[in-house]
Amino acid sequence: MKLKGNKKYNTQRGSLMVEIIVASAIITMVVIAASVVAQKAVSLSRQSVHQAQAALLLEEGAESVRIVRDNAWSNISSLTAATDYYISFSGGTWVISTTPNQVGIFTRKITFSPAYRDGSQNLSASGTLDSQTSLVSVIVSWTEGGQAVSKTLQFYITDLFS
Amino acid sequence: MVNNIKNNKKGFSLIEILFYIALFAVLTVVVINALIYMTKSFKETSVHSDLVQSASIMEKMSREIRQSNNIFSISVSDLTLNTKDELDNNKTIRFVLSGSDVQFYEDGVLTGNLNTPNIQVTNLSFTEITTAQGKAIKISFSVSSTKDESDRVEDFYNTVVLRGGY
């Protein structure tokens, strides 16, 4: 480059500058893109921690309904269908009430709906009402980066002990 | 004439160079920030994966408690249960918080820790629940990762009915 004329040298340096600018723009874009990916990865991995916690809370919700059933079936049969219930730990056992409560960032509610049986005594969506069985839904909800997320666990509970 | 052009060019490239230096400075700051953030987020995801893994402590405990038939002894962070092994022989299992590890004993013999070495269990608590038909145990524990500088603590909760007691 030194051997070439002054004019040529200047234009060459100019195009070199353009090249450097283009290169640095590309590098910057790549790094920014990578950091956006990293940001997404962090938020997803945080979400997976919450998912793991929520899964255990669902399990606890199901077990608490079983505990309440074990104490007396009337505890379950007296509940109103399609009403949000919440569980709380008081007096050394789980109690179902309508008072909302939170576990950390999670809200756990339980709803009960009637269960029906068809002609061959199988559980079905419609048919004759089985007053000794109840369809239970445990719903754990929380917010994840401003968005509401929820997990549901549905099961039947039946009057085994009376 | 030639001199004039040369001078002109020189002045122009000086401004240019100043502009480039400023631009590169800004770009460097952006890039370095992004790189620092990426290193941090790499650590963060590995902390999160440790925390997710610690849910398996709860899974192991729930599975064992569910199969048990009675509580032998219970205190806040020490639980011994009567259960049966695969050949239907009686055996006892014990979960105890020792330091920051959850230890698992079978028939009084330590079989190992339920947590991985990079998970610290800071709190473990068992509560007995008695129902008209049997017993249940409410479990809660808090964990943090040893890799985590901010010492974040995550709580896990569960309740398990002793099915063997029915």
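The centres of domain 1 and domain 2 of chain B, taken over C-alpha atoms, lie 53 Å apart. The model is predicted: local features need pLDDT of at least 70, side-chain atom pairs count only at pLDDT 80 or more, and totals for chains, interfaces and linings use all residues. Residues are numbered from 1 along each chain as its sequence is written, and chains are lettered from A, ligands numbered from 1, in the order in which they are written.

**Domains of chain B**
- Domain 1 covers 1-53 and domain 2 covers 55-165, with bounds from an automatic or database domain assignment.
- Seven residues of domain 1 of chain B contact ten residues of domain 2 of chain B (contact: C-beta atoms, placed from the backbone, within 7 Å).
- On the domain 1 side of chain B, the residues touching domain 2 are three nonpolar, two polar and two charged (nonpolar: Ala, Val, Leu, Ile, Met, Phe, Trp, Tyr, Cys and Pro; charged: Asp, Glu, Lys and Arg; polar: the others, Gly among them).

**Chain A against chain B**
- Contacts join 37 residues of chain A to 35 residues of chain B.
- On the chain A side, α1 (6-71) and β2 (93-97) are the elements giving two or more residues (DSSP runs numbered from the N terminus; helices are H or I, at least four residues, and strands E, at least two).
- The most comes from α1(A), with 29 residues.
- By class, the chain A side has 18 nonpolar, 13 polar and six charged residues.

**A:Ser124**
- A:Ser124 belongs to strand β5 (residues 123-124) of chain A.
- A:Ser124 is partly exposed because 13 other C-beta atoms lie within 10 Å (buried: 20 or more; exposed: 12 or fewer; partly exposed: in between; C-beta atoms placed from the backbone).
- Leaving out residues up to four places away in sequence, A:Ser124 touches A:Tyr116, A:Arg117 and A:Asp118.

Conventions
Two residues are in contact if their C-beta atoms, placed from the backbone, lie within 7 Å.
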